[in-house]
Amino acid sequence: NNITTSYQRLEFLGDAVIDFLITIHIYEKGQTLTPGDLTDLRSALVNNVTLSCISVRNQLQKFLLHSSNVLNECMMRFVKHQEDRNHVIDNDILFLIEESEVNIAEAVDVPKALGDIFEALIGAIYLDSGKNIEVTWKVVYNLMKDEIEKFLKDVPKNHVRMLYESSCAPEFKSGINTDGAVMVSVEINHKGVLRRFNGFGDNKREAKRAAAKHALRYIRSPSNQ
């Protein structure tokens, strides 16, 4: 829009800085973890859901400049969700749906802007500190310490791996480009009934993970137990 400025350049920088810092830390601290575990751990820590939770816990949404009623409503729903959970970030949180994973706005649980503002903040701190990586890491670690230590002890599994380990015999279909995004579908057999779920993402890997997340949410739903 022509009212507010963009955070995208700082977000781009902050995303890379956070990914680098988290990767180095878990590599050094997770000496007994396999490469697969390290990948799952980094994915659990550096994703829009986790970063959005941290933004809300620190009330960063109050400082986000925007002019969208739809975004505001979505943010307020997520803020209330986290307040009701006392801002706990655990494995269940990672099943919330992100904007990039669906093509229906009403289905979004976590607005991307909340994760973006955290990344932009870290990008700004990196620049304001004279590009001092140690100073930046102190801020990142202080804000993410609980999740880093918790997930190091108990690494959340990748959604695709979790679905394969279930008894639903998942079958993924090749990705299809649609409106600039990649779509992957997965078919599962849940209690003798075939169900299909679609996932969206910037690439096939992300779309496959999104499809697996949708399927797992269905399986985990109390009404489907």
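Lys-208 sits over the face of Phe-172, at 4.9 Å from the ring centre; a charge is placed over a ring if NZ of Lys or CZ of Arg is within 6 Å of the ring centre and within 35 degrees of the ring normal. The model is predicted, so local features need pLDDT of at least 70 and side-chain atom pairs count only at pLDDT 80 or more, whereas totals for chains, interfaces and linings use all residues. Residues are numbered from 1 along each chain as its sequence is written, and side-chain values use heavy atoms, with hydrogens and water left out.

Three aromatic pairs were counted, under the rule that rings of Phe, Tyr and Trp (its six-membered ring) pair if their centres lie within 6.5 Å, with planes under 30 degrees apart classed as stacked, over 60 as edge-to-face and the rest as tilted. One of them is the tilted pair of Phe-197 and Tyr-218, with 5.4 Å centre to centre and 50° between the planes. Phe-197 belongs to strand β3 (residues 193–201) and Tyr-218 to helix α8 (residues 204–220), so the pair ties together parts that are 21 residues apart in sequence. Helices (H or I, at least four residues) and strands (E, at least two) are DSSP runs, numbered from the N terminus. Phe-197 is buried, at 15% relative accessibility; buried means under 20% relative accessible area, exposed over 50%, and partly exposed in between (1.4 Å probe, protein chains only).

Seven salt bridges are present, each defined as a side-chain nitrogen of Lys or Arg within 4 Å of a carboxyl oxygen of Asp or Glu. Arg-161 is bridged to Asp-40, with the closest N and O atoms 3.1 Å apart. Because Arg-161 lies in helix α7 (residues 159–164) and Asp-40 in helix α2, this pair ties together parts that are 121 residues apart in sequence. Asp-40 is buried, with a relative accessible area of 8%, whereas Arg-161 is partly exposed at 32%.

Helix α2 (residues 35–45) also contains Gly-36, which is partly exposed at 27% relative accessibility. The C-alpha atoms of Gly-36 and Lys-157 are 9.5 Å apart in space, while the two residues are 121 residues apart in sequence. Lys-157 in turn forms a salt bridge with Glu-165, the closest N and O atoms being 2.7 Å apart. Lys-157 is partly exposed, with a relative accessible area of 43%, and Glu-165 is partly exposed, at 49%.

A further salt bridge joins Asp-84 and Lys-80, with 2.9 Å between the closest N and O atoms. The two residues are four residues apart in helix α4 (residues 69–84) and are therefore separated by about one helical turn. Asp-84 is exposed, at 57% relative accessibility. Salt bridges also link Glu-11, Lys-112 and Asp-116 in a network.

Phe-20, Ile-24 and Ile-133 make a nonpolar surface patch of about 250 Å². Patches consist of residues with over 30% relative accessible area and no salt bridge, like charges being joined within 9 Å and nonpolar side chains (Val, Leu, Ile, Met, Phe, Trp, Tyr) within 5 Å. Phe-20 is located in helix α1 (residues 8–29) and is partly exposed, with a relative accessible area of 46%.

The structure contains zero disulfides, a disulfide being a pair of cysteine sulfur atoms within 2.5 Å. Cys-53 is buried at 1% relative accessibility, and Cys-168 is buried at 4%.

How values were computed:
Accessible areas come from the Shrake-Rupley method with a 1.4 Å probe; for residues, only the protein chains shown count as cover.
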